[in-house]
Amino acid sequence: MSRLQKWFWGLALVPPLSVFAVWGIWDNAKLFFITLLNGLTLASLYFIVASGFTLVFGLMRNVNLAHGSLYLLGGYVGYIVAEKTGLFVLALAAGFLVAALVGLLMQVAIFRFMQGEDLRQTMVTIGLSIVIADLLLWGIGAQVHQMSAPGWLAGPLRDIPLITAYSKYRMALLPLGIIIGVLLWLFLNRTRVGMMIRAGVDDRGMLAATGVNVNLVFAATFAIGAGLAGFGGVIGAVELSMVPGEDVRLLLASLIVVIVGGMGSVVGAALGAVILGVAETYGLAYAPTYSVVFTFVILVMVLAFRPRGILGQAA
Amino acid sequence: MKKRTFVRTLVGAAVLAVFSGVAYSQQTVKIGLLSNLEGPFAAGGADGMRGAELAIKQKNGMAGGRKIELIKASSDAKPDVAVNATRKLVEQDKVDIMVGPLSGGEGIAVKEYSKTQPNITFINGSSGAQATTLVNPSPNFFRFNTEGAQWMVGLGKAALDKGYKRVMVIAEDYAFPYSQVQGFMSEYCRLGGKVPVKAWVPLGGKDYASVIARIPKDVDALVVILGGADAVNFLNQYEAAGGDKPMIGGSITVSQDVLNYKGKRRDSLVGTIAGAPIADSFDAPEFKAFVADYQKNYPVSAGGYPSPSLFALVYYINMKAALDGLDAVKGDLSGGQAKYREALTKMVLKTPVGDVRLDSNRQAIGTTFITEVVKDAQGNLSNRVLRKVDGIDQMLGMKKEDFKMGSRDEPNCP
């Protein structure tokens, strides 16, 4: 971005947002800060799901539109495990593992045969997402499945300055999202496997020539990406409950996050998630009727001026 | 010889008449049933289907001497999806009678579509927006259930009796909740209650944290008009955020599908008052018989609720109207169903919650219950009757010139 562009965007965005912030705090400080917290915690959930999407979509150029179905699957598995065992941590692990396994199967059985064929991948995964959603509807039904938060996270956190009380569980999402983000970044940028993934994305043939089993690396990446969707599903099953239709919602959110943030970048996904989460919650709090519009205005702006996303690079 | 021919002809004619009569009575009537099996009302919609099927089962699948063939379709509470599903039933499956849809916005859209199909009779499912029958009513759309505003008559007074002088309204942003809020507020405001804040949230919005943050300190109670998954999410998130204000429920906020969703029971709901066309503990023998029949056909082990939900009852009522109408005309749907429609218009329908008549817009005039959530010995939550109001029409007892249809800003008493 040139210096001129930076100045332009600085002038176009910073003054109106700061005016809004000052007015918001002056008008009702409690509402303003609770909404900020709501936005950040929602962003955390979006980030966990979208980071899996960005791994698969951005790094591996695999268009997996069944990502939302993996979220739904993970959520239901988590619900069932939690009901049977009563252990939330086990539910999280089960949601992650089952989704990762299904993701692995998808990579081995489907994506391997259509490497680089975007349109075919898109069509096949749309089909898969419909099949998975209908199988889940058939097997589990359409009722709302509301998972309970584990005992130590149930109820409100009281006596916080300014905002008095806030849901413990929701608060816990914030550090969780940050931890997952940092781990993912370290994994991709500081470990040998992470290096291989990045190298494979840049030049698959060259990586294979150095003696690395590229298929294995990609399968592992896909499994992790899918697992993150399942993991997000278990988290979402507590906060937002699980019901058919959630798959599409989270897929759309992940797409927006990845498009706004920039494909294939963990930091970009985090940025995109924060922008989406904050825009959605502020929209709902201050202009509920138009809340949907903000999301798409952001999307339009980004596509118009930064078509590769805010932190995106040329493929 | 001549005589024999005559006799033969006579016998032949008689046989023909008998046979054609048999053929006529064996000809099936196709009824299309539209409910929601997806989206925020998926659970309630499934119960609506049970209610409608129960009405057919009670008649052993026959009405007016003809066999009933039921063709089902599903929508997801979106008007365009509901119209597409209705089109499919009417234009591809060639149903004679339509029963449905489930929710307010869908009802308005299907009513508009019904005008393009004047030879088919449309009977409502459980949709309860005022506008469906109040604004540009369709000559072939009938609604044998009372609607959202009628369901709230009496609740405003009940809220004041409980000492709730200031309330905040949290409702979904579409036609049905507008009607419910209008039904509640027109009475509540008239009697001196105040509603400083109204929050309209998107249907299926899921995340209510922002709305919860806006609840002012100085209100006595919350009027929560959310249904299905939305109600469950709101209650869960409100509790987790440390909320403790008492609630006043919309008709589908504390229906059986919400009281019995999968997960932890919400004991915090005990004491919530609401207005609805159904009350679990209503003790009229007709209602008890209906509940017993429902429980026998759809035990909890087979996916039913401990007690039929609002959707089951209302779909039952509308399907029963469709079948009783067929009985009245002995299955005669000829002449663009003119006789059938006349029978429906004049009918006094016996329902489990009392008799229902139609007004000139083909909208039901009927009974509403003011209820309170209680917990029984087995830990099940159900609705107890506080008060029963009979003969409520769509004007809610107001004069025509005083009546204003509900919208985001109407009524208003901050």
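B:Pro411 sits in the segment that follows strand E15 (381–392) of chain B. In this predicted model, the peptide bond between B:Glu410 and B:Pro411 is cis, and its omega is about -5 degrees. Chain B has a cis bond from B:Gly100 to B:Pro101 as well, with omega near 0 degrees. B:Pro101 belongs to the loop between strand E4 (97–99) and helix H4 (104–114) of chain B.

A backbone feature of another kind occurs in chain A. A:Ser241 is not a glycine, yet its phi is positive, about 65 degrees. This serine is placed in the loop between helix H8 (214–239) and H9 of chain A.

**Domains of chain B**

The domain assignment divides chain B into domain 1 (24–145 + 284–367) and domain 2 (150–282 + 368–402). Their C-alpha centres are 26 Å apart. Domain 1 of chain B puts 36 residues into the contact, and domain 2 of chain B also puts in 36 residues. About 2,800 Å² is buried between domain 1 and domain 2 of chain B, with carbon and sulfur atoms giving 64% of it. On the domain 1 side, the residues that lose the most area to domain 2 of chain B are B:Gln130, B:Leu310 and B:Thr367, which together make up 24% of what that side buries.

**Contact between the chains**

Chain B meets chain A through 28 residues of its own and 35 residues of chain A. The buried area between these chains is about 2,600 Å², and carbon and sulfur atoms account for 55% of it. The rule finds 1 salt bridge across the interface of chain B and chain A. A:Arg170 and B:Asp207 form a salt bridge through their side chains, at 2.9 Å from N to O.

The two interfaces are set out below.

| Interface | Buried area | Share on carbon and sulfur atoms |
|---|---|---|
| Chain B and chain A | about 2,600 Å² | 55% |
| Domain 1 and domain 2 of chain B | about 2,800 Å² | 64% |

The largest pocket holds about 1,400 Å³ of space. It is lined by 47 residues, and those closest to its centre are A:Gly245, A:Val248, A:Arg249, B:Lys78 and B:Gly204. Several helices of chain A each supply at least two residues of this lining, among them H1 (3–59), H2 (67–85), H4 (118–140) and H9 (246–261). Helix H9 (228–240) of chain B also supplies at least two residues. The most comes from H9(A), with 8 residues. By class, the lining of the largest pocket has 26 nonpolar, 10 polar and 11 charged residues. Domain 1 and domain 2 of chain B both give residues to the lining of the largest pocket, so this pocket lies between them.

The second largest pocket holds about 920 Å³ of space. Among its 23 lining residues, A:Leu13, A:Leu17, A:Ile275, A:Ala279 and A:Ile298 are the closest to its centre. H1, H10 and H11 of chain A each provide at least two residues of this lining. H1(A) provides the most to the second largest pocket, 7 residues. The lining of the second largest pocket consists of 21 nonpolar residues, 1 polar residue and 1 charged residue.

How values were computed:
Residues are numbered from 1 along each chain as its sequence is written. Chains are lettered from A and ligands numbered from 1 in the order in which they are written. This is a predicted model: local features need pLDDT of at least 70, side-chain atom pairs count only at pLDDT 80 or more; totals for chains, interfaces and linings use all residues. Side-chain values use heavy atoms; hydrogens and water are left out. On a 1 Å grid over the protein atoms alone, a cavity is a set of points where a 1.4 Å probe fits but cannot get out, and a pocket is an open set with protein on both sides within 12 Å along at least five of seven lines; lining residues have an atom within 4 Å of a point. Grid points are joined across faces, edges and corners, and a volume is the space filled by probe spheres set on the points. Helices (H or I, at least four residues) and strands (E, at least two) are DSSP runs, numbered from the N terminus. Ala, Val, Leu, Ile, Met, Phe, Trp, Tyr, Cys and Pro count as nonpolar, Asp, Glu, Lys and Arg as charged, and the others, Gly among them, as polar. Domain bounds come from an automatic or database domain assignment. Contact means heavy atoms within 4.5 Å. Buried area is the accessible area (1.4 Å probe) that two parts lose on being put together, summed over both. A salt bridge is a side-chain nitrogen of Lys or Arg within 4 Å of a carboxyl oxygen of Asp or Glu.
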